[in-house]
Structures are given as structure tokens and as C-alpha cells.
Amino acid sequence: MALKTKSLQDLGAIRRHLAEQERVAREQAARDAEARKRTEAEKNLFQRAAGKVEPLRHHGRVRHAPEPVAPIPAQRQLDDQRVLKEAISDEFDASTLLEVDDAMSFRRPGVGIDVARKLRRGEWSIQSEIDLHGLRTDDAREALATFLREAVRQGLRCVRVVHGKGLGSPGKTPVLKGKVHSWLVQKNEVMAFVQARGDEGGAGAVVVLLKPSS
């Protein structure tokens, strides 16, 4: 009798254990199903919010290609940097480099004396000129540097620089004339210059020969 009772108790324990396992399995299955449901809902969230989507009709507008970016003017930048590097000074004394003759002139070492003679005789046609007369020193210096740079860029060989005779200066001293001579001597582009002939400005101007553009 005692053996039978024990067997019934063991069987009841087994049934309770199986029932517990089934309950746990059902709960886990329910949690898994809920997790899948949430995942699916998150995937379709945008579609539910946007609703039904239809492709746009052809609008007939033309799509223009973007405008190309302008190229960087590298050569101009290099030229400007070179100009800054070779800035001309007001303190440079060019008087010892000038040839004092009937028409004060300058020629760079290696340039033949016949070059100055040809300039005096007008054998090179004047292709451009700049009038510095009446400008302040700083403005005249900057204007001359810009003028020479542009002349070389354009391939010009012979130009005229008008500096005035200094008749309106204190003591009627041609201050700008001496500075123009000094500035021109400092510019490597200048091969030679001579005082202009009477019909080209005389003592108030110089005719300048520039190096050929490379």
C-alpha cells in the first residue's frame, strides 16, 4: 500500500513538472511573437505614416548641368607674387648707373650702346604709355609697376613713361623724375631707357625698352 502511494505522488510531481514546462514554453512563444510583431511594426512605420505613395508625373522641367568652376588664374597669381617679391624701393639710388649725356639714359649690363642710340632715334615704335604727372609718389610707384607688368604680359617692347618736368613742385625740382629713373632701374623687365625726344615729351618723359616676353 505504501509503495502504491509513493508511485502516485511521483506521477503527480511529473505531471506538475510537465505542466510547468508547457507554461514556460507558451510564455516564451508569446514573448517571441510580440517581439516579431514590434520589429515588423517598426519596419513598416514610415510606410504607415506616409500612406499610399504614387510616382510623380513628368513635370517637363529641364535639368541643367551645374556651371563649371572657373579655373584658378595660377599664372596671374604667380605674376602677382613675383611683383611683390621684386617690389621697387624709393631708397634705391640709380644716379650712378645712368649715363650722363645729352639725353640721360640707362642700359642694363650686356645691352649694347647701340640700343640706347636706336631708342633716341625712335627706331622702336612706342606701343603704349603711362602718364604719372601729378600723382603722389606711392600712387605713381604702384601705377608704374602695374603698367610695366601688363606691358610685358601683352608682349610690348617699347613704352613711354611721362613723369613731368617738375615745374609745379616746390623749388621746381623734378622729384618724380628721379624716382621714375630709380624704379625703372630696379625692374628686371627694363633693358634700357632714354630721355624722350622733344616731340615725345623731352625732359618730362622717358622711352623704355622692355625685354621680350618669354
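Start with helix H4: its buried residues pack against strand S3 (158-162), strand S4 (190-195) and strand S5 (205-210). Contact here means heavy atoms within 4.5 Å, and helices (H or I, at least four residues) and strands (E, at least two) are DSSP runs, numbered from the N terminus.

A note before you click on: this is a predicted model, where local features need pLDDT of at least 70, side-chain atom pairs count only at pLDDT 80 or more, and totals for chains, interfaces and linings use all residues. Residues are numbered from 1 along each chain as its sequence is written, and side-chain values use heavy atoms, with hydrogens and water left out.

**Stop 1: select 113-121**

Which residues of H4 are buried? Pick out Val115, Ala116 and Leu119; buried is under 20% relative accessible area, exposed is over 50%, and partly exposed is in between (1.4 Å probe, protein chains only). These three cover an arc of only 95° around the axis, so they sit on the same side of H4. That arc is taken from the directions from the helix axis to the C-beta atoms.

Now show Lys118 and Asp114, whose side chains meet in a salt bridge (4.0 Å, N to O). The rule asks for a side-chain nitrogen of Lys or Arg within 4 Å of a carboxyl oxygen of Asp or Glu. Lys118 and Asp114 are four residues apart in H4, which means about one helical turn separates them. Lys118 is partly exposed at 29% relative accessible area, and Asp114 is partly exposed too, at 38%.

**Stop 2: step off the end of H4**

Just after H4, Gly122 takes a positive phi of about 80°. Glu123 counts as partly exposed, at 48% relative accessibility.

**Stop 3**

Jump to Arg136 and Asp139, another salt bridge, where the closest N and O atoms are 3.3 Å apart. Arg136 is exposed at 63%, while Asp139 is partly exposed at 33%. The salt-bridge count comes to 10.

**Stop 4: the lining of the largest cavity**

Finish by selecting Lys118, Leu119, Gly122, Glu123, Trp124, Ile126, Cys158, Glu200 and Val207, which line the largest cavity. How are the residues of this lining divided? They split into five nonpolar, one polar and three charged.

Conventions: 1 Å grid on protein atoms, 1.4 Å probe; cavity = no way out; pocket = protein on both sides within 12 Å on 5 of 7 lines; lining within 4 Å. Nonpolar A, V, L, I, M, F, W, Y, C, P; charged D, E, K, R; others polar.
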